[in-house]
Amino acid sequence: MEKIPAFEVVEPGLLTTIQDLGRYGFSQFGVPPSGALDAFSLRVGNLLVGNREAEACLEITLMGLKIKALKEVVIAITGGDLSPTLNEDPLDMWRAHLLVEGDVLFFRKVRTGCRAYLALSGGVVTPKIMGSFSTYLSGNFGGLEGRKFRRGDILYALDLPSSLDKLGIRFPSDWIPSLEKEVTLRVLPGPQDHHFTEKGFQTFRSSSYQVTPQCDRMGVRLEGPKIERRSDVEESIISEGLISGAIQVPGDGKPLLILTELVTGGYTKIATTISVDLPKVAQLKPGDRVRFKPISIEEAHDLLKRQEDQLRKFKKTLQQR
């Protein structure tokens with residue numbers, strides 16, 4: 001199917017990339033999953049415009065992206081509220097909108113969260129590498145030549161009829177994740193929680209930590225009370241595989257939240273963020289605060305099942321239109 005120009009990048013913003021749900025199966029070669037940090041928002045955005053859930057979208061960080069429509073296209077914006085406007089008028093999030101040629105989208109400033117997702121009907125078309133469109137910034141491949149957006153870039157979409165039947169569809173407001181400046185992340189202890197003293201684990205579960213400026217798509221450094229390690233264990237372990245949401249504790253005793261662009265690490269991991277709360281990690285920005293709440297694997301499964309049930313109900317609603 002033919003691809004055609006859909007948007008021109010007028011201003012690239014601080015950091016805008018193309019992401020889908022990631023590339024998996026290549027960690028043994030040092031290639032991380034990459035993909036949307038807030039996968040829930042990407043999935044919902046795609047459903048709103050009639051795409052497959054895994055279609056490539058724009059991941060917009062903090063502020064500044066301005067793009068001009070080059071064709072009629074249905075779009076939806078989800079994730080963090082970066083004050084999106086259409087032709088200088090405020091634009092509702094978590095619903096489908098029709099843009100016509102010449103319309104201008106602008107993301108002015110952060111209200112809540114850190115990252116917004118822009119889905120467009122027909123998806124964003126770029127070369128697929130290792131089964132994914134996602135941008136891997138450190139590896140310099142995927143998305144637009146493995147880099148963030150630049151002024152003048154042209155974004156392509158498949159030449160499909162606009163999904164006009166999706167216009168006005170909203171994602172239920174009570175299912176939209178709330179984005180606060182202080183969040184509680186539910187975690188599963190381990191796999192090296194036994195490397196820490198009882199006092200250290202109590203510090204971890206009862207303290208509030210602040211997000212530092214050292215945060216990107218690889219991880220989020222936190223500042224706060226030191227987590228005490230047992231005196232008979234080393235600060236590091238033999239490097240092993242990492243997953244998104246792992247919580248490492250380096251030698252300084254301060255937690256480090258791992259995201260999607262790392263595959264191995266040699267710091268002990270006191271706990272792992274549950275899947276349902278990974279979007280909260282994606283939306284953290286400097287100055288926000290984090291608390292940790294250990295839960296059981298059964299509770300984590302129940303929460304994930306509840307989230308997937310909501311998405312199934314929403315898809316069923318869309319199919320009935």
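1. A quick definition to start: two strands pair if DSSP finds at least two bridges between them. Helices (H or I, at least four residues) and strands (E, at least two) are DSSP runs, numbered from the N terminus. With that in hand, Gln210 stands opposite Glu223 in β14.

2. Some ground rules. This is a predicted model, where local features need pLDDT of at least 70 and side-chain atom pairs count only at pLDDT 80 or more, while totals for chains, interfaces and linings use all residues. Residues are numbered from 1 along each chain as its sequence is written, and side-chain values use heavy atoms, with hydrogens and water left out.

3. Back to β14. Strand β13 (residues 209-215) and strand β14 (residues 219-223) run antiparallel and are joined by three bridges, and a hairpin of three residues links β13 to β14. β14 also runs antiparallel to strand β17 (residues 256-258), again through three bridges; here Gly219 stands opposite Ile258.

4. Now the open sheet. Its five strands come in the order β2-β3-β10-β5-β8, with antiparallel pairing. β2 (15-19) and β8 (96-99) are at the edges with a single partner strand each, so one side of each has no neighbour in the sheet. From one strand to the next the twist averages 30°. If sheets are new to you: strands pair through backbone hydrogen bonds, either parallel or antiparallel.

5. β2 pairs with strand β3 (residues 57-61) in the antiparallel sense over five bridges, and Gln19 has Cys57 of β3 as its bridge partner.

6. What lies across β2, β3, β5, β8 and β10? Helix α1 does, running at about 155° to β5 (73-81). Axes here are lines fitted to C-alpha atoms, for helices over the stretch in contact, and angles run from 0 to 180 degrees between N-to-C directions. Contact means heavy atoms within 4.5 Å.

7. α1 also packs against α4, at an angle of about 10° and with the axes 11 Å apart. The two helices are therefore roughly parallel to each other (angles under 35 degrees count as roughly parallel, over 145 as roughly antiparallel, 65 to 115 as roughly perpendicular and the rest as oblique). From α1 the contact uses Phe40, Arg43, Val44, Leu47 and Leu48, and from α4 it uses Gln307, Glu308, Leu311, Phe314, Lys315 and Leu318. By class that makes seven nonpolar, one polar and three charged residues; Ala, Val, Leu, Ile, Met, Phe, Trp, Tyr, Cys and Pro count as nonpolar, Asp, Glu, Lys and Arg as charged, and the others, Gly among them, as polar.

8. On to the pockets. On a 1 Å grid over the protein atoms alone, where a 1.4 Å probe fits, a pocket is an open set of points with protein on both sides within 12 Å along at least five of seven lines, and lining residues have an atom within 4 Å of a point. Of its 27 lining residues, Tyr24, Ala39, Ser244, Ser275 and Leu278 lie nearest the centre. α1 (39-48), β18 (264-273), α3 (278-282) and α4 (297-319) each give two or more residues to this lining, which divides into 15 nonpolar, nine polar and three charged.

9. The second largest pocket has about 360 Å³ of space. Among its 16 lining residues, Pro177, Arg186, Val276, Gln307 and Gln310 are the closest to the centre. α4 gives the largest share of the lining, four residues. By class, this lining has eight nonpolar, three polar and five charged residues.

Terms used: Points joined across faces, edges and corners; volume = space filled by probe spheres on them.
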